[in-house]
Amino acid sequence: MPTFRGRGQHSVHNQTVAIQIFDKEASTFTGDLLVYPVEEDVPHCGETGATINRLLAQVRETGDFKGGKDQVFLFYPGLMGGEKDQVIPAKRVLFAGLGKQDESINVRREQLRLVGGTIAKQAATIKAKEVLVVLPKDYLLDAVEIAECMSEGLLLGNYRFDLYKKPKEEDAPGRVERFFLHDGGLAASAVRTGMERGQAVACATCAARDMANQPGNGWTPAEFAEYAKKLGKKTRLKCKVLDKGDLQKLHMGGILGVNQGSALPPFLVSLEYKNDKKLPTILLVGKGLTFDSGGICAKPPAGMEDMKYDMCGGAAVLAAMQAIAEIGLEGVNVIGLVPATENLSGSAALKPGDVIRHYGGKTSEIINTDAEGRLILADALAYGIDVYKPQAVIDVATLTGAVIIGLGHHYTGLLSNNDQLAAQLTEAGAQVGEPLWRLPLGPEYRKQIDSRVADIKNAGSDRSGGTITAACYLQEFVGDTPWAHLDIAGTAWDFTEKSYIPKGPSGTGVRTLVACLRQWQPLKPVDKK
Ligand code: BES
Ligand code: ZN
Ligand code: ZN
């Protein structure tokens, strides 16, 4: 069993969220809020006893609540009978709408996460501290998944970052301290398994959000290294940190080049989850750019503060490793690599026209110092493939503004040299509510990064196809290894607003990576024609 336990307190600023099984009758719950998720087409809410089902029928009759998506109905059972003969001792009861039954299994998963998020929001509004959710028994999904998706929705919806600004007591919404799940008649062991999985990925996702929410001076490359080392101590993951001296010895001119304008040293952080040598190894690489000013090709000041989020890919990879260590994986070994540095414009900074030499020897002409993500990823990809000989590589990065122009804030850009890998990731993203959209790659785009003075250049002469030319740059460093690139610039923050996705950093990528690795299908060799 993985040893990384402790329920949520691994988040950077120690937010303690917990979820546990409530194994007594739901009707004996005396806490702040008792919740029944209700489907629009199902007239009852499971094995909950006659009282609740009678109340639900009455509420439905009024027409005030049908169980529609986002619909809620809150009531106070204490006001209905006297204190003594009160049938439901909970302070409040909430009916929460799941919406109509849908044919698609992914829609049904998402409905549960959404209702979980809605419950967390409602609980916050009324400042409930202890919340019991009775799982819907007749919901058309495997019991493990019902508990898993509900737990994810509750914990992700309960997320808040207030390290630097404590909310004023009166007007601030509360925060649930303890969630309980009642199996509602589903198999108890399945519910426990699902709850534990959901909790592990939700806590890891919240940890990724915490890292991202930290300002540039609160989450530096050294913080990435420290966090990984802590994971190395607390879990079965093995952590290695390469410092500036190591990077120099390895000739990682991309990471070192980007780092030249910064006063803080760079790191290349690695975490290894090893099962068995015979199993395939999957390499994950995340862009850990803790602040991107653009360097000498400075970004405009308006909105530049958002570039503290340029490390979201790195956060997603560390957090995915954390979740993997907790849940455990059977079919694969996994390596997580995070190249971490700032991109600033100190007097030694990289300049347009400079030529750098990447790990492995390939040279690159710097056209735009703001196209720095590809420079640090190139070294990490080439090094990771060289050292770990993975069956596949997946990188996650806030790489281009162009992906926001193309896909907006609702889909992550996916680019890959392997159809099977692209399909596995697309399926995983669809399952967890983090949709991916594939863009093409090809020699016609690759031509845009031909350089007259070096092997390649780091930006095309015009901005056309910016997301694709960035991926072409990365592709130069993966050789024939099956590789997929997730451009999360549009989804790492300002992601599609949902009850369980907050306004700031979303933690996107963590759940997609974990789902993909949990269901890994070994890649078939590709016919080279
Ligand atoms: N970190 C940015 C990409 C980005 C932009 C992420 C907006 C999220 C929101 C990246 O390093 C960058 O600046 N890319 C340039 C590349 C260009 C100079 C070729 C871009 O997208 O403009
Ligand atoms: Zn940049
Ligand atoms: Zn960047």
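Colleague: What makes the side chain of Lys299 a polar contact of ligand 1?

Modeller: This is a predicted model. In it, an oxygen atom of ligand 1 sits 2.8 Å from an N or O atom in the Lys299 side chain. The cut-off is within 3.5 Å, so the pair counts. The side chain of Asp310 has an N or O atom 2.9 Å from a nitrogen atom of ligand 1. Thr398 uses a backbone N or O atom, 3.4 Å from a nitrogen atom of ligand 1.

Colleague: How much of ligand 1 does the protein cover?

Modeller: The protein covers 84% of the 510 Å² of accessible area that ligand 1 has on its own.

Colleague: Which residues coordinate the zinc ion (ligand 2)?

Modeller: Asp292, Asp370 and Glu372 do, at 2.0 to 2.2 Å. Asp370 gives both O and OD.

Colleague: Why is the arrangement around the zinc ion (ligand 2) called irregular?

Modeller: The six donor atoms subtend angles of 71 to 167 degrees. Octahedral needs opposite donors over 155 degrees apart and all others between 65 and 115.

Colleague: How do you know whether Asp292 and Glu372 are buried or exposed?

Modeller: Buried means under 20% relative accessible area. Asp292 has 3%, so it is buried. Glu372 has 1%, so it is buried too.

Note on methods: Residues numbered from 1 in each chain as written. Chains lettered and ligands numbered in written order. Predicted model: local features only at pLDDT ≥ 70, side-chain atom pairs only at ≥ 80, totals over all residues. Heavy atoms only, no water. Donors = N, O, S within 2.8 Å, 3.2 Å for Na, K, Ca; no water. Tetrahedral: all angles 85-135°; square planar, octahedral: opposite > 155°, others 65-115°. Buried < 20%, exposed > 50% of the residue type's maximum accessible area, 1.4 Å probe, protein only. Polar contact = N/O pair within 3.5 Å; in protein donor to acceptor, adjacent residues only side chain to side chain. Areas by Shrake-Rupley, 256 points an atom, 1.4 Å probe, with all protein chains shown as cover.
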